[in-house]
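Me: Please take me through this structure by question and answer, keeping the criteria behind each value in view.

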Amino acid sequence: MVATNGPRTDIAVVGWAQTPMVRRTDLSETQLLLRVITAALEPLGLTRADIDFTCLGSCDYITGQAFSFVSNLDAIGAWPPKRDSHVEMDGAWALYEAWLRLQEGDIEIAVVTGSGRSSTGDPTLIYPMEMDPFYLAPLGADPLTFAALQARALIQAGITDERAMAEVAARSRRDARSNPDAQVKGDADIDTLLAGEYVRAPLRRHDLPPITDGAAAMVLATGDRARKLRERPAFITGFDHRTECHNPGYRDLTDSPSTRIAAEAAGLGTSPVEVAELQAAFTHEEILLRRVLDLGGEVAVNRSGGALASNPIMATGLARIGYAANHVFGGGKRALAHSTSGPCLQQNLVCILEEDA
Amino acid sequence: MSTEPAAIVGVGQTHHKSRRHDVSFGGLVREAAFRALDDAHMTFADIDAVVIGKAPDLFEGVMKPELYLSDALGAVGKPMFRVHTAGSVGGTTAIVAASHVQARKHERVLAVAFEKQSEGNAQFALGSGRGASLGAGGAFAPFIRAYIERSGAPEHIGWKVAVKDRQNALKNPYAHLRIPDISIEKVKESPMMWEPLRYLESCPSSDGACAVVLTNEAGGTAAAADGRPPAWIIGASSRSEPPSFPGRDPVRPAACVQAAWDVYEQAGITNPRQQIDMAELYVPFSWHEAIWLEGHDIAAAGEGWRMIDDDETALTGSFPVNASGGVLSSNPIGASGLLRFAEAANQVRGAAGEHQVAGAKVALAMAYGANSQYFSTWVVASSLQPFD
Amino acid sequence: MTRFVENSIVFPYKRSLGPVIGAFMTGLTEQRILGIRSGDQVIVPPLEWDPQTGAELDPDGMVEVGPAGTVESWTWVPAPSEQHPLGHPFAFAFIRLDGASTPLLHAVDTGAPDALRVGARVAPRWRGSRVGHIGDIIAFVPGEQPEVDGPDSGPAEAPVTMMDYNASITYRNPVPPVLDRLREASRDQRIIGQRCPVCERVYSGGRGYCPIDAVELGEEQDVDLPHTGTITNFTIVTPVQYPGQTETEPFARVFVLLDGTDVILPYQPVVELPVGEVRVGKRVAAAWAPPNDDIDDAGAMGGAYGHLIGWIPSGEPDVEDPDLVNRIF
């Protein structure tokens, strides 16, 4: 499916930043973006005037206002006007668009963002609106319900059990202790977790992500410029995303074929990765994704604490790519980042970052 | 540039109406997609990736509809990408889809844009559910007053555009508004909605969708060899500027001018009036035709209205604008931009039917959004080097 | 203390159903559940297309399934939301109706989670009065026999082609401190702007940042703005009716250039100025609500002007300046 000669320009992540990940902020989305874009640019010695292209990712229904992204233009320094775009998707897809745009070779630096304040609405009332508008949304069928049904499918198939899921939660919280940006962290006793009430059986509170307000911004640069901007840029050597049919009832919930196709197209199998950052908002999703991506025990998964530690909707996926880039910045060779959208991992994105282009 | 050339080899659209109650949300989008695929001699199985655009999700009350529409558009196992840049979104959808090809990521991409306005209410959604919503007309009327005062244009210019576009629409079987007895008198006697804009100088509210199949140089060349001329993209750009600051000029927005010149530079255009044969400009309110003729330096500042007065922008004029009937005749908001881009492509393919501009080889399309802040522009041509 | 404003997005959407969903909904009014054939599969609930390939499915290939079926998977909802089909704890379940190849998601009403298991047989409890909506099935209940809740008003008189979707979401937004500061100042009849320390442009409306220099503006950047100005441009809106519309008569929104500044207050209401007398160059002065009046926040976006309720003619002669009309921002 990929064009035979493929993308040609070397493109790297050269820096990124995120706001503090909190249960609720009083800052507007635009303010979050003002701060986080500055924080991403400053260490690189760049200003907004250096940005050739911007692509923002956000969601009107999270913000509660039509055209909510328009005021976010105030954060990018779009005067004189910028080459710019916006996706109603996680910032990881904004990154994908910028990556395509930089391939055209006429520009060098792009900034992408993901932003959302989930604290202002009730997710159980908002999220049914992304479901089938005839059969599912009118029932208030929320992704939490579908996550529970997927977890049960995985348990029935013998792929996981509630204890293994609790272990994922405990490990996330433990790993998040060393991440100053994480929201949910600490030591958790598995049996204590398993003694908790079900929120949606078989999911307990620890199987779910927190509600998080936050934003992330990432700076991309083409090959030579990237090498001048920082030591060890994280080169994007594979990037792909795929979708599945929408209604989870029509899918085999014990598998994630779109993840597998995206990983294949991104070249995951050509050599091993040392770390993986997976956008698994529910514990069982990490177990499924790990299995589908064939990540062995030697791969460190979600060392940041993952989406279970902080889940800034519309920025969660972009942050995964940021953490994977951190691995390369810090001396690692190859890292995988994953993002997702929709019920039961409907859409999946895979980005491979490497020390060499 | 080291990019892969991109070509449009299929165009499809729905019949646009106030209420397409005969189809579902998914059925509407598929109607356009199948027409584009048929035109391209392809099926879903031939498509590598889908790019979808629409205006705010609040219009239909379906959040992130690319999820629901993934299977409706045959995208299972493929990339499905969702763009949203306000009113310009249809244009940006085309440009992002082209980027998939130009970056050599995919060979055949389906771009789809739609709006099913009848499911909700745009005035409601524009005000996010609050009272005293200005609507788009209320927001833009001051810009138009500024243009009229600045250029000294007579008031009948707006009426002329309103009549011309509705007459063109009569030649377009897909157009929404069909007013056979449209006349200057009828426009000027229609109710004042947003002073100085009258009802018939304003766009309708439509249900509709548009789809375009894009492919690479090999695909475009193969279609041409098969007797199906493609439209080659010879320049494309999207630019944005902030909502408001002292000194911002919404009558000649810098983002519009820059996007135009980005495109002209890529295309090798130095004299747009001479080198471009026709344009599909996003004109939701009649006066925007004059405003955008100037914003794209097709006419000198303050002179755009004279081209209208002299009938230069009529279908048989020297520089036809909105031969399709434009946004004034069909306005499925999210699709309106892609319709401009698709109609421009059809013109240089010689596939525009009764509203074909004779001999069109190079066509400009543009769309804009929000408070005249988001601009998408492309120029398509019947060959990759139309000026050689 | 952070102050919050609530904003509800409430809208009665009307969806057209098309041939397949329409037939399904019509079937529901007849207490029948329909699927659609795709190859040797029967897709339930039915789509116009095959969910894997997107291939068009033939509406003539619709077949009745159920009414009873088997629970394939379920999850318990201990605290239902206002959007859920039942007001008391229930299960959401994938139910494979007899004859179907795919499961239908719906509520199962068993009273308690321990009454439910994978493999359980369930049948629909129909609403007595059915309109052609997935909610015509109140829930599924254990057993093989469908039930009807209340008097049965029978099938729809005509095929169902449309469906209502009533969405209501309430957002609770924190009010940025700058807006509260401006609002408080407006109680004392002050209009506050903010001067960017980099470019020196002054912004109204409590934006809190300069879009040119992308810097935040704090209290130290506040400046008092004059209370008189000139209308530079305007719009007169003939209101269109929609749910939530508050206006019935044409109303004006004007752009006011404040005296001695470069600051425009955009889309301002007018007071004691008939729409016919609104014009470019008209001199106006701020009109204030009494200090003790409660002011309408109209959400975080609309609260910046507080007690400034609009602009009233000052009685001064008009300003003649051809450039005025260009001042919109």
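**Pocket lining and chain contact**

Me: How many nonpolar, polar and charged residues does the lining of the second largest pocket have?
Reply: This is a predicted model, in which local features need pLDDT of at least 70 and side-chain atom pairs pLDDT 80 or more, while totals for chains, interfaces and linings use all residues. Residues are numbered from 1 along each chain as its sequence is written, chains are lettered from A in the order in which they are written, and side-chain values use heavy atoms, without hydrogens and water. Counting Ala, Val, Leu, Ile, Met, Phe, Trp, Tyr, Cys and Pro as nonpolar, Asp, Glu, Lys and Arg as charged, and the others, Gly among them, as polar, the lining of the second largest pocket has 19 nonpolar, 8 polar and 8 charged residues.

Me: Which domains of chain A each supply at least three residues of that lining?
Reply: With bounds taken from an automatic or database domain assignment, the lining of the second largest pocket draws at least three residues from each of domain 1 (11-122 + 211-229) and domain 2 (125-208 + 237-352). The domains asked for are domain 1 and domain 2. A pocket here is an open set of points on a 1 Å grid over the protein atoms alone, where a 1.4 Å probe fits, with protein on both sides within 12 Å along at least five of seven lines, and lining residues have an atom within 4 Å of a point; those closest to the centre are Tyr127(A), Pro209(A), Phe282(A), Asn311(A) and Ile313(A).

Me: Which residue of chain B forms a salt bridge with Glu130(A)?
Reply: The contact (heavy atoms within 4.5 Å) takes 62 residues from chain A and 58 residues from chain B. By the salt-bridge rule (a side-chain nitrogen of Lys or Arg within 4 Å of a carboxyl oxygen of Asp or Glu), 2 are found across the interface. In the one formed by Glu130(A), the closest N and O atoms are 3.4 Å apart, and the partner is Lys64(B).
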